[in-house]
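Please read the following report alongside the sequence and the model.

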Amino acid sequence: MNSMHYQPAHELLAELEAGRITSESLTKALLERIHQQNGSINAVVTLDAERALSRARESDQQRAAGQATGPLHGLPMTLKDTWEVAGMTTTAGAPALQTHVPEKHADIAQRLEAAGAIIIGKTNVPIYATDLQSYNKLFGVTNNPYNPDHSPGGSSGGAAAALASGTTPLAAGSDSAGSILT
């Protein structure tokens with residue numbers, strides 16, 4: 001299973017399509033990897049393991065029935081904690097939003113799920129995604145998994161660190177002031 005952690009998303013999707021892996025096994029492997037790696041990196045700040053595993057099992061059943069829902073069918077992934085996912089806490093790193101649980105998806109979450117993706121959790125961001133590092137008072141700092149003396153950047157620093165540590169095969173970044181470029 002370790003080889004899964006650094007496979008590109010398109011290769012994992014090919015493995016899923018060919019039936020060499022299941023969405024459930026991939027989701028379990030990524031959740032285990034998060035539990036192993038995240039303590040020192042602090043990239044993933046919210047997990048929805050039960051819902052992710054349930055959706056993975058549904059994805060496997062759909063695939064077996066020839067009913068894949070889109071190009072990301074069965075692929076687990078994370079989203080930045082700035083985009084709302086229905087039923088999952090969304091804080092944007094802000095203490096004022098600590099208990100905010102949206103009732104509906106942001107457009108990006110809706111489109112990813114419509115394409116078949118499974119959102120397993122949220123990654124750390126600076127407060128309101130407005131800094132060149134991923135630190136906030138709710139979750140603390142996200143560390144670079146290769147060199148803790150360096151920042152993984154911000155506002156997509158949690159997403160970058162999750163990708164670099166093999167805890168997610170795909171993450172969506174956003175950039176309003178060069179944060180993806182840092």
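The report below takes up the sheet, the nonpolar core, the salt bridges and some backbone details.

The model is predicted, so local features need pLDDT of at least 70 and side-chain atom pairs count only at pLDDT 80 or more, while totals for chains, interfaces and linings use all residues. Residues are numbered from 1 along each chain as its sequence is written, and side-chain values use heavy atoms, with hydrogens and water left out.

**Sheet and helices**

Helices (H or I, at least four residues) and strands (E, at least two) are DSSP runs, numbered from the N terminus. Three strands form an open sheet of mixed pairing in the order S1-S3-S2, where two strands pair if DSSP finds at least two bridges between them. Strand S1 (44-47) and S2 stand at the edges with a single partner strand each, so one side of each is left without a neighbour in the sheet. From one strand to the next the twist averages 40°. S2 and S3 pair in the parallel sense over five bridges, and Lys80 has Thr123 in S3 as its bridge partner.

Two helices lie across these strands: H2 across S1, S2 and S3, running at about 135° to S1, and H3 across S1 and S3, running at about 155° to S3. Axes are lines fitted to C-alpha atoms, for helices over the stretch in contact (heavy atoms within 4.5 Å), and angles run from 0 to 180 degrees between N-to-C directions.

**Nonpolar core**

A nonpolar core is a set of buried Ala, Val, Leu, Ile, Met, Phe, Trp, Tyr and Cys residues joined through side-chain atoms within 4.5 Å; buried means under 20% relative accessible area, exposed over 50%, and partly exposed in between (1.4 Å probe, protein chains only). The largest such core has 33 residues, of which Leu26, Leu72, Leu75 and Leu79 touch the most other members. Helix H1 (9-18), H2, helix H3 (49-64), S2, H4, S3 and helix H5 (157-164) each supply at least two residues of this core, and its largest share, five residues, comes from H2. Leaving aside neighbours within four places in sequence, Leu72 is in contact with Leu13, Leu112, Ala115, Gly116, Ala117 and Leu170.

**Salt bridges**

The structure holds seven salt bridges, each a side-chain nitrogen of Lys or Arg within 4 Å of a carboxyl oxygen of Asp or Glu.

Lys122 lies in strand S3 (residues 118-123) and Asp81 in the loop between strand S2 (76-80) and helix H4 (107-114), so the pair ties together parts that are 41 residues apart in sequence. Both Lys122 and Asp81 are buried. Salt bridges that share partners join Glu24, Lys28 and Arg57 into one network. Within helix H2 (residues 23-41), Lys28 and Glu24 are four residues apart, about one turn of the helix, and Lys28 counts as partly exposed because its relative accessibility is 45%. Asp48, at 17% relative accessibility, counts as buried, whereas Arg51, at 30%, is partly exposed.

**Backbone details**

The peptide bond from Gly154 to Ser155 is cis, with omega near 5°, and Ser155 is placed in the loop between strand S5 (140-141) and H5. Asn42, in the loop between H2 and S1, has a positive phi of about 60° although it is not a glycine; Asn42 counts as buried at 17% relative accessibility. Tyr128, in the loop between S3 and strand S4 (135-136), likewise has a positive phi, near 50°, but counts as partly exposed at 46% relative accessibility.
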